[in-house]
Structure formats: C-alpha cells, structure tokens
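Q: I'd like a close look at just one part of this protein. Could you walk me through it slowly, as I'm new to this?

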Amino acid sequence: MGAVTSYGPIREPGLEGHGVSNDYRMVGTMRRLYWVLLALPLLGKSFAVDGIVVAVDPTARTMLVSHRAIGHYMPAMMMPFRVAASGELAGLHPGSRVEFELVVNRDHSLARNVHITGQSEIPASPKRIEMGAALPEFRLTDQAGREVARDDLRGRVVAINFIYTRCPLPDVCPRLSANFAVLAKKFAGRVLFLSVTVDPDYDTPAVLSEYARRWSADPATWHFLTGGVGPLAAALGEVYWFDEGSIGHNSMTSIIGRDGKLAAVVEGAGYRVDQLGNLLERQLEGNR
C-alpha cells in the first residue's frame, strides 16, 4: 500500500466515468486505511456482504456499494469493491440490492458470486422506462392544490416514491415516508422529494395535506401528489393493485438527475435511509 503524501483530494482507480465523482477527502481515505489495517489478522478469509449499489464501472470491474455492517470486519459504509470478471456486474445499476462474498487476501480483495436480491416477482410494466431514459411528461396536483409537472423538475435532483395514506402496514408506506422525512431535512434545498399516492380517489389534496403535516413536510421541497398517477407510476415501474379493501404495491423509489433522466431505482421499503442518502449524494456530486 503506497504512502499518502498529500492532504488534497485523491483519486481511486476504477470509478472513473459513469457520472461518478471519485474525489475522496483524506478523512475518507484514513477511514478506509483504518479498516484495512484492522483486518490484517483476517487475511485469507471471506465475508458475506449485502448492500445497495451506488455506481458501477464494468471496464474497471468495480462497483461502489453502500453496505450493511460486515460481521467481524467493518461497520456499515460506502466502499468500492472489485470483482474478478466484469460479467459479475451484469444487470447491476444504481439502486440494485446485491449480496456477494468478499475474499480478503494480503495484497488484494475481490467480490465474487455477486447476485441481485429482492427482485420482485410482479411482472414489470411494459411502459417502464430504461435506466438513463428521460422522465415522461406528467401533470399532477400536490397537497396545496398546486399543479406539479415534469418541467418543474428541470435542473433538480429528484427523489420519487409511491405511498398511500391509508396504508395499514408500518413497514411499508410509513417507513417510506419516514425515510423521506429524514432525507428531506438532510438535503433541504438540494433535493426535491415527490411522494405519489397510488390511491388517488381517496387521497385528495386535503387528505394529503394532513398526511404531509404529520411528517412535518416542507411544501417547498416535498410534494405529495395525486390525480392521474397511472402513467408516471408505470414509467417508474410502480405496480399496484386492489385486494380485499387494501392496496398492494411494489414500492419503487426512483432518483432523477438534473438532466431529467432516471439515474437510480430502489425496489421495496427495506432499504436503510443512509443507503438512499448515498445514492442522492452521488447524484448531486456527479451533476456539479
């Protein structure tokens, strides 16, 4: 391992391109060095890792992952991992949930047996847009009765999720809203948050206004939208259905870059709030 000779930004190989900023300040470098040194007695061992992909560089065979704590090795953090073959990265995109084996040797480490987890068995909408495609036009109404359209998002990093106010499951819509509440405060003024109801007949602007108040939402940066939500939901892969008085849905969370294109997708409500935060930070850095 080469000595660090400068306290300016350093560049980690294997993360160039793909809209990913690779400058890490010294505190991040020293933190990684600390965990590498701490792991020296564990060389030659393997560890199970799971997390959410933040960036992928197939050319350098590298993925940047916001991972959960790795038992007896390191705490939860965002780290780059190199794979043995670029084929291991096939099908990955920012937001993919992955599990893999991390093999640590004296002079290198490798991620292997990478596979995507948590993929829904619900058939995808045929109108779902591809990663990197432009968000289609839409016009919806927010909790204050104001119209919100695609063009209003121009030049902003945007996070979009799908909820409904009568959701009875604490680990689905309430968790999604709680995560947005935390991130809306953290990224105040830098990220625009949109929560789109999948129950527009019940969730009128008045109902959404009360729901927004419950989450202390700033109406300038967090809009709860209702109206003809079907086309936007289909474009972002949100599938929902009515079942015995309740609504089932696959809880897609999407990030739109300043260029108006789909930059990341996370499926389900089980992500950690810092993982979505890492995706937003990366998008903000990549669009400077």
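What covers the buried residues of H3?

A: Two quick notes before we start. This is a predicted model, where local features need pLDDT of at least 70, side-chain atom pairs count only at pLDDT 80 or more, and totals for chains, interfaces and linings use all residues. Residues are numbered from 1 along each chain as its sequence is written, and side-chain values use heavy atoms, with hydrogens and water left out.

Now to your question: the cover over the buried residues of H3 includes E10, H2 and E12. These labels come from DSSP runs numbered from the N terminus: helices are H or I runs of at least four residues, and strands are E runs of at least two.

Let's look at H3 itself, which spans residues 205–214. Leu-208, Tyr-211 and Ala-212 are buried there; "buried" means under 20% relative accessible area, "exposed" over 50%, and "partly exposed" is in between (1.4 Å probe, protein chains only). These three cover an arc of only 100 degrees around the axis, so they sit on the same side of H3. (The arc is that of the directions from the helix axis to the C-beta atoms.) Turn to the other side of H3 and you'll find Ala-206, Arg-213 and Arg-214 exposed. Just after H3, Ser-216 takes a positive phi of about 55 degrees.

What about the pieces doing the covering? E10 and E12 belong to an open sheet of five strands, in the order E12-E11-E10-E15-E16, with mixed pairing. Two strands count as paired if DSSP finds at least two bridges between them. E12 (222–225) and E16 (262–267) are the edge strands, each pairing on one side only. E12's partner is E11 (residues 191–197), and the two run in the parallel sense over four bridges. Along that pairing, Leu-194 stands opposite His-223 in E12.

Then there's H2 (residues 173–186), which lies across E10 (157–163), E11, E12 and E15 (252–256). H2 runs at about 160 degrees to E10; axes are lines fitted to C-alpha atoms, for helices over the stretch in contact, and angles run from 0 to 180 degrees between N-to-C directions. Contact here means heavy atoms within 4.5 Å.
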